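Thanks for coming. I will take this one from the whole chain down to single residues. Please have a look at it first.

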Amino acid sequence: MMEFMGYQRPDGSVGIRNKILIIAVDECCEGIARGIARHSEAAVVMTNWYTCMLGGNEETFNQMIAVGKNPNVAAVMVIAMGCGSILPSQVGDEIARTGKTVVCLTCEELKGTRNTIAYGVERLKEMEEQIGRLQREKFPMSRLVVGVKCGGSDTSSGIASNPSAGAALDKLVDMGAICIGGELFELQGCEAILAKRAVSEEVAQKIITLIGKERDRWSVEGADVETMSIGNCVGGLTTIEEKSLGALHKMGSHPIQDVLQINKDFIDRPKRPGFYLSEATMLCGGAGVNYAALGAHIILWTSGAAGFQNALVPVILISGNAKLINDDIDIDASAIMDGTAGVEEIACRIVDRVRCVANGEPARIEGIGDSTMTLYQKDQRVEALLTACRRKGK
């Protein structure tokens, strides 16, 4: 049985990294959060850039809490300026239910920026000392949660990197792991295929409905001009449906247990082993945070050769484009393109890489060029309009 070395959390979950998450609940305290974070390599900053108002931003609020509960997070600091409607305790108290150490700071109460940074650094050092005492223990691979995402896709993606990632997910699911796919917009035209894999009629209908809703969001007049990046087109993909049929291969072949939702009312977490779809966005930075909110430890990132790194959830990059392979790439799947290796061989290499990263070995660009922890949310005003249009049959 394959095992990995992880950290036991107080709530029974298992982490593969010991990160201190610093949440700036409003953009005005971003500088304070960064000022504190620079004193620890374990610190990761996540900022709410939308507004300091809670009303209309509940999806962002829910994500801040859910990311704080991610098992790769060992301790949390929540910071607010003090004049907004999101209190640090509203976020921190929910995260603290997991048993993690949580510290809340308010700039106004601490008498200004300098004092807040100084106080925050003191608490950060205490957290760092605390998590430094944690020891890795052996756990079965069944305790892992692995997400899968594509970016910088080209023709090699659907032929090499996506099929090998999908086969790797099948192997991980066979080991008892939880695997999660997303990017519903990039599964257009695949609804019937995916629905056949659903464990129930209810899940099948959810797949069809949620893919349709995501298509509606991106088909609003004025927002439907560019639904693929220019890099996708230069790489040989011509339509979103064509891209979707390639992206489908990274979803493996196992039954779909459910579609995990991320919205203003709740964020789902997988309840049993197996493969899941989710509302993780196709937008790269937002997808990293979405997967963190869903509880993922690692993300498999299939690509032509575009790099992306999330500071909280390590990213394993897989590419099948021999011309674009560089030292960002963890798994070179280009041998599939020239017929010198098969999908099964590359899938086994991916599973081995997942185990190594879970054990603490850094992914190729882990800690290098980390992306911003982007809190992406669906606009509730647009959601209300789309709901009205659906009711009218438009």
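What share of the contacts in the chain with a separation of 6 or more comes from residues 24 or more positions apart? Those residues account for 73% of them, where contact means heavy atoms within 4.5 Å.

Before the rest, some ground rules. This is a predicted model, in which local features need pLDDT of at least 70 and side-chain atom pairs count only at pLDDT 80 or more, while totals for chains, interfaces and linings use all residues. Residues are numbered from 1 along each chain as its sequence is written, and side-chain values use heavy atoms, with hydrogens and water left out.

Now the overall form. The chain has 13 helices and 14 strands; these are DSSP runs numbered from the N terminus, with helices being H or I of at least four residues and strands being E of at least two. The C-alpha trace spans about 60 × 55 × 40 Å along its principal axes. For 394 residues, a compact globule would have a radius of gyration near 21 Å, and the chain agrees with that, at 21 Å. That radius is taken over C-alpha atoms, and the globule rule is 2.2 Å times the number of residues to the power 0.38.

On burial, 57% of the 394 residues count as buried. Buried means under 20% relative accessible area, exposed means over 50%, and partly exposed is in between, with a 1.4 Å probe and protein chains only. The chain exposes about 16,100 Å², and carbon and sulfur atoms supply 52% of that. Those areas come from the Shrake-Rupley method with a 1.4 Å probe.

Next, the interior. In soluble globular proteins, nonpolar side chains tend to be buried together. A nonpolar core here is a set of buried Ala, Val, Leu, Ile, Met, Phe, Trp, Tyr and Cys residues joined through side-chain atoms within 4.5 Å. The largest one has 51 residues, and L172, L194, I207, L277, L300 and V354 touch the most other members. A second, separate core of 44 residues includes M46, L54, I262 and Y291.

Now a few single residues. L210 is found in helix α7, residues 201–217, and counts as buried because its relative accessibility is 6%. Not counting residues up to four places away in sequence, L210 touches L184, V259, Q261 and E279. G151, in strand β8, also counts as buried, at 8% relative accessibility. The C-alpha atoms of G151 and C284 are 133 residues apart along the chain but separated by 7.1 Å.

Q8 lies in strand β1, residues 3–8, and is partly exposed, with a relative accessible area of 33%. Leaving aside neighbours within four places in sequence, Q8 is in contact with S13, E137 and F139.

Last, two loop residues. Phi of K111 is near 70°, a positive value in a residue other than glycine; phi of E183 is near 55°, again positive in a residue other than glycine. K111 lies in the loop between β6 and α4, and E183 in the loop between β9 and α6. K111, in turn, is exposed, at 68%.
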